[in-house]
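Here is a friendly briefing to read beside the model. Have the sequence and the 3D view open as you go through the points.

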Amino acid sequence: MIDIRDLSLTYQGPKGPVEALQHINLHIEQGEIFGIIGRSGAGKSSLVRCINLLNRPTSGQMIVGGRDLLKLSDSQLREARREIGMVFQHFNLLSSRTVYDNAALPLELAGMSKAEIQKRIDPLLKLVGLDHLADRYPAQISGGQKQRVGIARALASNPKVLLSDEATSALDPETTRSILDLLRKVNRELGVTVVLITHQMQVIKQIADRVAVIDAGRIAELGSVIDVFTQPQQAITKSLIDEIVPQELPASVMQRVQALSARLTAGTSGQLLRLSYAGESAYEPILSHLIRTLGLDLSILHGQIDEIQEQTFGSLAVYASGEAVKIESAISHLRSSGVVVQVVPVAAPVKG
Ligand SMILES: Nc1ncnc2c1ncn2[C@@H]1O[C@H](COP(=O)(O)OP(=O)(O)OP(=O)(O)O)[C@@H](O)[C@H]1O
């Protein structure tokens, strides 16, 4: 659906050129919800605004629905943009127009008749849950409702792609959830490809199928949301998911590990393991199998079980003690069962 090829964007800033995007390559499939995450200034807005050429890349290609947007004439580009809706962080509604008239604006501008507009907007307001507020003005509705108007307006011209530029950043967590649920409904019921940018992993976790992490104008990491959560590769990704899956274990856990390793008897060793898994495999039978068959002691020290898009996702810190060779077998068994295992180095206990 969207092919971004070797795309770069340099702004001419007051203090000289700013290389906001450098050699971006991304392929976004039709019908997926694709998240782009990064810290402030990473280049998220610059990138998403290249997808409808609100920003014109300095070099590279932006292919949407098979057409290279940079090669289109002005009138062809206007037509192509009708297939790409956009929602904004601050909604961008016209205060002098009602909910209905705001949603209808793109169709009015396209010269559609009133009857045709109504045929399109009535069901759209229903879809976004605002049919009962059609005559209200923006000042008379909540932030979440304003964003619903923004979504209805973005969908008015029946686009194939919906771009969301921090659509939930100005909203509280509860409203954020309901707007993200609405975006998912739009994706599933209308088959619209959604590209969303955000600085919050929570947003990615709730609705994205795949995610690209952008850092200093480059794609730092790319993968399915489950893979990125269970096996983050880059420091920037680890720091972004830290709020959901703490990357460092708390000091109290490390103290317990010290205490457990001080109690090891001769001929046994101990390893601190961080385990993460997603999907079908569940820890309980795997861990009890290890205890039974290998005779290991496993102490669960820290952990959480959560859900990413209806898939179970868990993260555990476990201290395994027993014969070194058996611990190695346990690690192999866990890995072959689909569990991601990270061996955490532990400082030797201070003898005293
Ligand atoms: N019009 C502009 N002129 C010059 N530099 C710009 C312009 N717009 C953005 N930049 C710079 O380009 C870089 C990327 O900015 P961009 O707005 O894309 O980042 P972002 O990830 O969306 O950040 P935020 O989350 O804070 O909006 C930043 O260094 C920014 O200062």
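The centres of domain 1 and domain 2, taken over C-alpha atoms, are separated by 42 Å. Domain 1 covers 2–231 and domain 2 covers 251–344, with bounds that come from an automatic or database domain assignment. This is a predicted model, in which local features need pLDDT of at least 70 and side-chain atom pairs count only at pLDDT 80 or more, while totals for chains, interfaces and linings use all residues. Residues are numbered from 1 along each chain as its sequence is written.

**Where the domains touch**

- Six residues from domain 1 and eight residues from domain 2 make the contact, where two residues are in contact if their C-beta atoms, placed from the backbone, lie within 7 Å.
- Helix 8 (residues 225–230) supplies four residues, the largest share of the side of domain 1 that touches domain 2. Helices (H or I, at least four residues) and strands (E, at least two) are DSSP runs, numbered from the N terminus.
- That side of domain 1 has three nonpolar, two polar and one charged residue. Here Ala, Val, Leu, Ile, Met, Phe, Trp, Tyr, Cys and Pro count as nonpolar, Asp, Glu, Lys and Arg as charged, and the others, Gly among them, as polar.

**Around the ligand**

- Which residues come nearest to the ligand? Of the 13 residues around the ligand, they are Tyr11, Ala20, Ser40, Ser45 and Ser46; a residue is near if its C-beta atom, placed from the backbone, lies within 6 Å.
- Strand 1 (2–13), strand 2 (16–28) and helix 1 (44–51) are the elements that each give two or more residues to this shell.
- Helix 1 gives the most, with three residues.
- By type, the shell around the ligand holds four nonpolar, eight polar and one charged residue.

**Helix 3 with helix 4**

- The axes of helix 3 (residues 99–109) and helix 4 (residues 114–127) come within 10 Å and cross at roughly 135°. Axes are lines fitted to C-alpha atoms, for helices over the stretch in contact, and angles run from 0 to 180 degrees between N-to-C directions.
- Helix 3 and helix 4 are therefore oblique to each other; angles under 35 degrees count as roughly parallel, over 145 as roughly antiparallel, 65 to 115 as roughly perpendicular and the rest as oblique.
- Helix 3 passes helix 4 in a right-handed crossing, the term for a near helix turned clockwise from the far one by less than a right angle, with anticlockwise being left-handed.
- Tyr100, Ala103, Ala104, Leu107 and Glu108 of helix 3 make the contact with Ile117, Arg120, Ile121, Leu124 and Leu125 of helix 4.
- The residues of this contact divide into eight nonpolar, no polar and two charged.

**Helix 3 with helix 5**

- The axes of helix 3 and helix 5 come within 7 Å and cross at roughly 30°, so the two helices are roughly parallel to each other.
- Val99, Asn102, Ala103, Leu105 and Pro106 in helix 3 meet Val149, Ala152 and Arg153 in helix 5.
- Six nonpolar, one polar and one charged residue make up this contact.

**Helix 5 with helix 6**

- Helix 5 (residues 143–155) packs on helix 6 (residues 173–190) at an angle of about 20°, with their axes 10 Å apart.
- Gly143, Gly144, Gln147, Arg148, Ile151 and Leu155 in helix 5 meet Thr175, Ser178, Ile179, Leu182 and Val186 in helix 6.
- This contact divides into five nonpolar, five polar and one charged residue.
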